[in-house]
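User: I would like to learn how to read a model like this, feature by feature. Can we take it in short steps?

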Amino acid sequence: MGDVVLMHFSTVDYVIFVVLLVASAGIGLYYAFSGGCQRTTQEFLLADRSMRCLPVSLSLLATFQSAVAILGAPSEIYTHGTQYWFLGCSYFLGLLIPAHIFIPVFYRLHLSSTYQYLELRFSKSVRICGTVTFIFQMVIYMGVVLYAPALALNAVTGFDLWGAVLAMGLVCTFYTALGGLKAVIWTDVFQTIVMFAGQLAVIIVGTHQAGGIAEVWKKAQNGSRISGLDLNPDPLERHTFWTLGVGGVFLMLALYGVNQAQVQRYLCSRTEKEAIMSCYAVFPCQQIVLSMGCLMGLVMYARYGEESPLDKGYVKSNDQMVLYFVMDVLQDLPGLPGLFVACLFSGALSTISSAFNSLATVTMEDLIKPHVSPMTEARATLLSKMLALGYGLVCLAMAYIASLMGSVLQAALSIFGMVGGPLLGLFCLGMFFPWANSTGALVGLLSGLVMAFWIGIGSFLSRMSASAPPLINATIIPDVGNMTTAIMTTLITSKPRPSGVQALYSLSYMWYSAHNSATVVVVGLLVSFLTGPSKEKDLNPGTIYPVLGNLLFFLPQRYKEKLCCVTPLDDKSKVMDQQPYQMAQKESNGIAGTKEEDQLREEEGEQKSAQPTCNLAHTLQETAL
C-alpha cells in the first residue's frame, strides 16, 4: 500500500467555501434585524407559524441530507452495489403516514414541542423522559456530524481540521442564535441548492471522463454492481428489498413522524394543508437525492473498478474515498472541488442548525417553562437565544470528544440510531392505543431503550472481538434520515446462520427502528392492562388517532365503544380555536391531566364528564391536497 495522497485546494476553491459560510451568516443577520427582529419566542422558535410549503419542504430535505449521507451513499454503492437504491421504496409510506396521521394530530393541538403531546396524552413524567431521550441522541449526534466531514476533508486535502470545525460550528451557532427558525429554514434552502449543484457537477464531469453514462452502466454491470430485486425475507440479511423497503419505513417514521427537528417545520407552516404539502414535496426531492448518491457511486466504480483508493492506501477509510474521488475527478477544474466541499459542509450546517433550534425549543418548552414562574416574552426569547448559543458550544465540545473516540465513533452513531425507534414506539403507543396509560408508557420506553442498547452495543462488541477472518469491512451506512443514522460494521462472510443471542446481534440495522418501537408498544400495552388501562372519557381530546375505529368499521357501535376505539381526531378549527394544550395544563406548573383536575371537572359538571365522547365529536375529516 502506498502513502495517503494529499490533494490541495486552489484559491478559487477557498473563495467558494468562504462564500458559503458568509452567505449563511448573512441570512441569519437579515432575519435578526428584519420582520419582528426575533423578539418573541413564537417568531424565534416557530417562525410565527408563517412559512410556506416550498421553503419548509427544502428545509425538511436538507435536515435529512447530512454530510454523512453525501459521503456514505456513493461509498455504499461502490462497495456493495445498487441494492441500497431500493430504500426509495420506503419513502412513499414513510412520508404518507406522517402527512395524514402525525401532522394533523400535532398541528391541531397547536404544540410548540413534540413532547408536549406526551404530557397531554400521558403525564408530565413521560414528557420529561421523552425530552431527555431526544436531547441525549441529538447532543451525541451533533459533534459527530460536525467532525466527520472535517476529518475527511483534512485527510484528503490537508485542509486544517480544527479550522474547518470551528468555522462551521461558530457560523452555524451565529445564524441560528440570531435569526431563529426563519434563518435556519432559509439557510437550509440555500444550502440545499448548493448540495444539488455540488453533486451534479461531480456526476456530470465524472460521467464525461468515464466515457458517458452507457459506459458507466456497462462497467457497473460487468463488475456485478447492478443489483436485482432481492426478496429474501431473512431479517439478518443486511440489505434486501424487505429490510430496505419495509424496515426503512420505520426509520422514516422515526424521522419525519415524531422527531422534533422535523415536526417543528410542520408546526411553523401557515396552515395544516401547507404542512402536509411540504411533506409530499419532499418525496420527489428525496428520490432525486438518493439517485444522485447512487449515480456517484457507479461513476466511482467506472473510474476505479476493483482497485479502490482505499485498497491502494490513498485514503484510510471509506468515508474519505468519496472526497478523494471528487478531488481526483475535478483537480483540473478550479472551483468545482470547492463547490463540492461547500455541498458537503452545507449538509453538515443544515443538520446542525436544525439540531440547535430543536434543542433550544424542547429545553425551553419542556424543561424550563413548566418549572419557573411566568416569564416576560422578552426574557423568554433571550433565554431561547442563549440556549441555541449554549448548544452551539456543546456541539464544538462534542466534536472534540468525537476526535478522541477513534473507532468508537461508529458506536456513537449507532447509539444515535438506536434511540429513534423507542421514541417512535412511545408516540405510536399514545396515538393508536387508547388503553395505554402513563405507567405503561414509561416502562415501555425504558424497555425499548434497554433492548436497543443491548442489541446495538452487543452487536458492535461481538464484531469488534472477531479478530480472525472473515474480513471485516467498516462501512458508513448512508444517513437514513439524519435523525436515524447508523454506522455499522459489515461482515463479508459465508458463515452458517447465527442462532440464539448471536442472531439478535446479527439483525440488520434497517430493522432496529421497527424492532425497538414494537418492543415499546408491546411492553407498554401489557403493563397498561396489568395496571389498569386508560378509559376513553379520561383522554384529552385530539390526542388519539382513530386508526382502530377505522380498521374495525364493521363492528357495531356499542362494541367499538367497549373496545375504546371510537375517539375521533378533533376538527382543526375546533382545536385551533380552543388551543387544547394550553387549556389542559395548569397555569402554575404546566401539569396536564392530573387526578385532581379530573375530580374538579366532575364536581363542576358531572353530566359533561359522563357524556359519551362519540356523541361530542365527529369523524375525521379528510385532508384535501
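User: What share of the 625 residues in the chain is buried?

Analyst: Keep in mind that this is a predicted model. Buried residues make up 59% of the chain. As for secondary structure, there are 27 helices and 2 strands.

User: How much accessible surface does the chain have, and what share belongs to carbon and sulfur atoms?

Analyst: About 24100 Å², with 65% belonging to carbon and sulfur.

User: How do I check a helix, say helix 15? What should its 33 residues span?

Analyst: Compare the expected span with the distance between the end C-alpha atoms. At 1.5 Å a residue, helix 15 (residues 336-368) should span 48 Å. Its end C-alpha atoms lie 46 Å apart, which agrees. Then look at cover: 30 of the 33 residues in helix 15 are buried.

User: Next, salt bridges. How many does the structure hold?

Analyst: There are 9. Start with Arg127. Its side chain meets that of Glu119 at 2.2 Å, N to O. Glu119 has 0% relative accessibility and counts as buried. Arg127, at 1%, is buried too.

User: Which parts of the chain does the pair of Asp366 and Arg127 link?

Analyst: These two side chains form a salt bridge at 2.7 Å, N to O. Asp366 sits in helix 15 and Arg127 in helix 7 (residues 124-157), 239 residues apart. Both residues are buried.

User: Where do Arg225 and Glu306 lie?

Analyst: Their closest N and O atoms are 3.5 Å apart, in a salt bridge. Arg225 is in the loop between helix 9 (213-222) and helix 10 (241-245). Glu306 is in the loop between helix 13 (272-304) and helix 14 (318-330), 81 residues away. Arg225 is buried, at 11% relative accessible area. Glu306 is partly exposed, at 49%. Shared partners, in turn, join Glu119, Arg127 and Asp366 into one network.

User: Last, the surface. Which residues make the nonpolar patch of about 590 Å²?

Analyst: Trp162, Leu166, Leu170, Tyr400, Ile401 and Leu404. Helix 8 (161-210) and helix 16 (377-405) each give two or more residues to the patch. Take Leu170, in helix 8. Leu170 is partly exposed, with a relative accessible area of 48%.

How values were computed. Residues are numbered from 1 along each chain as its sequence is written. This is a predicted model: local features need pLDDT of at least 70, side-chain atom pairs count only at pLDDT 80 or more; totals for chains, interfaces and linings use all residues. Side-chain values use heavy atoms; hydrogens and water are left out. Helices (H or I, at least four residues) and strands (E, at least two) are DSSP runs, numbered from the N terminus. Buried means under 20% relative accessible area, exposed over 50%, partly exposed in between (1.4 Å probe, protein chains only). Accessible areas come from the Shrake-Rupley method with a 1.4 Å probe; for residues, only the protein chains shown count as cover. The expected span of a helix is 1.5 Å times one less than its number of residues. Patches are made of residues with over 30% relative accessible area and no salt bridge: like charges are joined within 9 Å, nonpolar side chains (Val, Leu, Ile, Met, Phe, Trp, Tyr) within 5 Å. A salt bridge is a side-chain nitrogen of Lys or Arg within 4 Å of a carboxyl oxygen of Asp or Glu.
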